[in-house]
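Dear colleague,

I am passing a structure on to you with this message. Please look through it first; a short account of the findings follows.

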Amino acid sequence: MVQFTETHPFDYTDYLSTAAEFLYKYKWIFCYNNTKFIRCGVLEEIPQEWINDLNTVSNEEFNHIPLGLIKDTWCDSFRDFLQQVKRLRVEYDANQNNELFDNRPKQKRKGINPKKSYEIGNLCSFIESRQISTDATVYVDFGSGLGYLSELIHERCGVKVLGIEGNATLVQTCNNRTPACTKEAVQYCHHYITDDSYEYIEQQCTDRFDSFRPHQAALVGLHACADLSITAMNCFLHCKWVKSLTIMPCCYHRMKPLNENTPNEFQNFPLSEELRTVLLDGKHSEIICRSFLRLGCQQTSSRWKTRTMEQHLQHGRIMFRRGLIDAVLEQKESVRIGKPKLMPEEITVDSMLEQFTLLQESENSSTRECPWTDYHRNRMSALLVKYGSEGPKLAEYLECLQTCLQSVCENVILLDRMCYMEGVANQSGLKIRRNLVKLRDDGLSPRCFIFYARKD
């Protein structure tokens, strides 16, 4: 395990090269669309000795494998895999400041569930704890949505806030809901943020707020999805009027590809020269795909550890059945899932096909319902004979292995961004302080990192 802190330099090259080598060795665990694991023969890739070891564990032990459990009785190759996962763990500073939010009376707001409330409270409390060092007079909320973060920042920090949102309906909702007494302090702007937006945003701050001064704006964002977090980073790096950046990045798998012909090459990943250099080795570049990015933002091991045996069995059945139905489809075929039903433990051809409606794409790209054919039935029957009753269990074993790798994938994504930001700052002579801070309870929310930077 290595540490990442605000005050100490980090060896990005060593970590990224070691992680890339490891992920390449085990790319069979994640380099495919999740529903295609049967079609791609992934279950056959799981070493039989690993399966034998997993067959011996209790539910509690199974839940703790992604958290670092390694038993001396397991085979060498399985223990080596888990030990490498453990070595690639990164210990980040924890956000202990959310007591600022948790200990205060909570105002219930319509439309906020516990997960979102937890995310908003954590991010706002972190922003409040850094307010003195930031000394910003105006906060700009990238992707402000329904404005809950913007309102809470103003309430807690007493600053002006400009929420920028690309959805005009959400902006109108915010404007209608904002009390008259705060309309001057908290304002919303309908604008789709791109790398060309920086001058526009600065002008909006100047026009709307008398208190706005150069070098005193803070960028924040709760749902900095896909490429938006990189856009915010570049705004921080290249705009003198921005003092600090505090965002919670997410939805890495939604990043834009270079073009429609390269679905697994992305405009904003990798960003750093260090990771690009590692990936110059052609084989290592194979790990960079949308499935890798999707795994990086999937559930963490903290959420996995709470599953009961019944939940594991049910999830395994769901995954196995989705893999089965995908494996019998031909080109231009898809399915529509029927209404949820109680799944029988025994999987048969008829029970499988009853759950899905076959759709076929026509020449004009429209779809029409079609009956299942003898080909589909025979293919399904052959797969059920091949996997027998072991299929759902193997599907859940595969999910366990993916959960082990989730943090490694997310580390590579986030550290690549941090390395890029430090590199650009060094080249331009910009002195910054930066950190990646982890929420205390990442089991409640998959959005568990706060990406922070400020200019000295």
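In which sense do strand β1 and strand β2 pair, and over how many bridges? This is a predicted model, and in it β1 (residues 2–4) and β2 (residues 90–94) pair in the parallel sense, over three bridges. Val2 has Val90 of β2 as its bridge partner. Strand β2 is also joined by two bridges to strand β11 (residues 432–438), and these two run parallel. Here the bridge partner of Asp93 is Val437 in β11.

The nonpolar cores come next. The largest one has 123 residues, of which Tyr15, Leu23, Phe81, Phe269 and Phe292 touch the most other members. Helix α19 (residues 391–427) supplies the largest share of this core, 20 residues. Beyond its neighbours within four places in sequence, Leu23 is in contact with Phe30, Ile287, Phe292, Leu405, Val408, Cys409 and Val412. A second, separate core has 23 residues, including Ile120, Val159, Ala218 and Ile450.

Finally, there is the largest pocket, which holds about 700 Å³ of space. Its lining is made up of 32 residues, and Gly143, Tyr192, His223, Cys225 and Leu228 lie nearest the centre of the pocket. At least two lining residues come from each of α6 (114–129), α8 (148–157), β4 (160–165), β6 (217–225) and α11 (228–238). The largest share, four residues, is that of α11. By type, the lining residues comprise 13 nonpolar, 12 polar and seven charged.

With kind regards

How values were computed. Residues are numbered from 1 along each chain as its sequence is written. This is a predicted model: local features need pLDDT of at least 70, side-chain atom pairs count only at pLDDT 80 or more; totals for chains, interfaces and linings use all residues. Side-chain values use heavy atoms; hydrogens and water are left out. On a 1 Å grid over the protein atoms alone, a cavity is a set of points where a 1.4 Å probe fits but cannot get out, and a pocket is an open set with protein on both sides within 12 Å along at least five of seven lines; lining residues have an atom within 4 Å of a point. Grid points are joined across faces, edges and corners, and a volume is the space filled by probe spheres set on the points. Ala, Val, Leu, Ile, Met, Phe, Trp, Tyr, Cys and Pro count as nonpolar, Asp, Glu, Lys and Arg as charged, and the others, Gly among them, as polar. Two strands pair if DSSP finds at least two bridges between them. A nonpolar core is a set of buried Ala, Val, Leu, Ile, Met, Phe, Trp, Tyr and Cys residues joined through side-chain atoms within 4.5 Å. Buried means under 20% relative accessible area, exposed over 50%, partly exposed in between (1.4 Å probe, protein chains only). Contact means heavy atoms within 4.5 Å.
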